Amino acid sequence: MLDLVGTFAFALNGALTAIRVVDVDLVGVLTLGIITAVGGGIVRDVLLGALPPATFVDWRYLAVAGAGGLLAFLFSRELRRLRVSMHVLDAAGLSLFAVTGAGKALELGAGPAQAILLGALTGVGGGTVRDVLIRRVPDVLRTGLYAIPALLAAALVVLTSGIGVDRVLGAPAALAAASVCFAVRMIGLRFHLNAPRPRGVPRRPPGGTA
């Protein structure tokens, strides 16, 4: 269930981002919304050898992603005014996907380090593919507290699994890890926090050139 909620949040956010940044029609909105929602999971499943990827086995993923993209298209004028909501949707999708991605990696036999990386990849992968398609520098490369919260949430999943907490608490443990990721991401946005940058290099706006 958590991954479906994340799928919807990311589809809505991805479609709205596409509408705001580039000139796209209905097909473009749906395509970019769906790619944002399922891209990270597809890459994760391919790397884990879980073929075909869950997106193509369970019809609910594409249905939920398509619904999110269609909702963004139909109500784009109203939703585009809510910039804060876009950040919330993005943080929610990032958090839920990082947690479910790490959990699935562990279930399929990945080691702790690999599970952490794959959890973060699940969270940032779809948005990265979308940004490449719309010719924008991916958020994970220019927004300091984006990959870091995802790695933190995935690490918490691995930790709780290692000590057996997940077997006792189940979904609450996963939600707790997702909440940490969500909180760190939103705090970073609120206070404009970033990871360390190279010394002597001025910060340039997204898409700027050297």
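1. Basis. The model is predicted, so local features need pLDDT of at least 70 and side-chain atom pairs count only at pLDDT 80 or more, while totals for chains, interfaces and linings use all residues. Residues are numbered from 1 along each chain as its sequence is written, and side-chain values use heavy atoms, with hydrogens and water left out.

2. Helices are DSSP runs (H or I, at least four residues), numbered from the N terminus.

3. Who meets whom. From α6, the residues in contact include P112, I116, L117 and V124. Their partners in α8 include A147, L151 and V158. Contact means heavy atoms within 4.5 Å. By class, this contact has 12 nonpolar residues, one polar and no charged. Ala, Val, Leu, Ile, Met, Phe, Trp, Tyr, Cys and Pro count as nonpolar, Asp, Glu, Lys and Arg as charged, and the others, Gly among them, as polar.

4. The largest core. The largest nonpolar core has 22 residues, of which F10, A37, L94 and V99 touch the most other members. Such a core is a set of buried Ala, Val, Leu, Ile, Met, Phe, Trp, Tyr and Cys residues joined through side-chain atoms within 4.5 Å. Its largest share, six residues, comes from α5. Not counting residues up to four places away in sequence, V99 touches A153, V157, A174, A177 and A178.

5. A second core. This one is separate and has nine residues, among them A9, I19, A72 and L89.

6. S76. This residue lies in helix α4 (residues 76–80). S76 is buried because its relative accessible area is 19%. Buried means under 20%, exposed over 50%, partly exposed in between (1.4 Å probe, protein chains only). Leaving aside neighbours within four places in sequence, S76 is in contact with L16 and I19.

7. Two loop residues. A cis peptide bond joins L51 and P52, with omega about -10°. P52 sits in the loop between α2 and α3. R135 is in the loop between α6 and α7. R135 has a positive phi of about 60°, although it is not a glycine. Its relative accessibility is 80%, so R135 counts as exposed.
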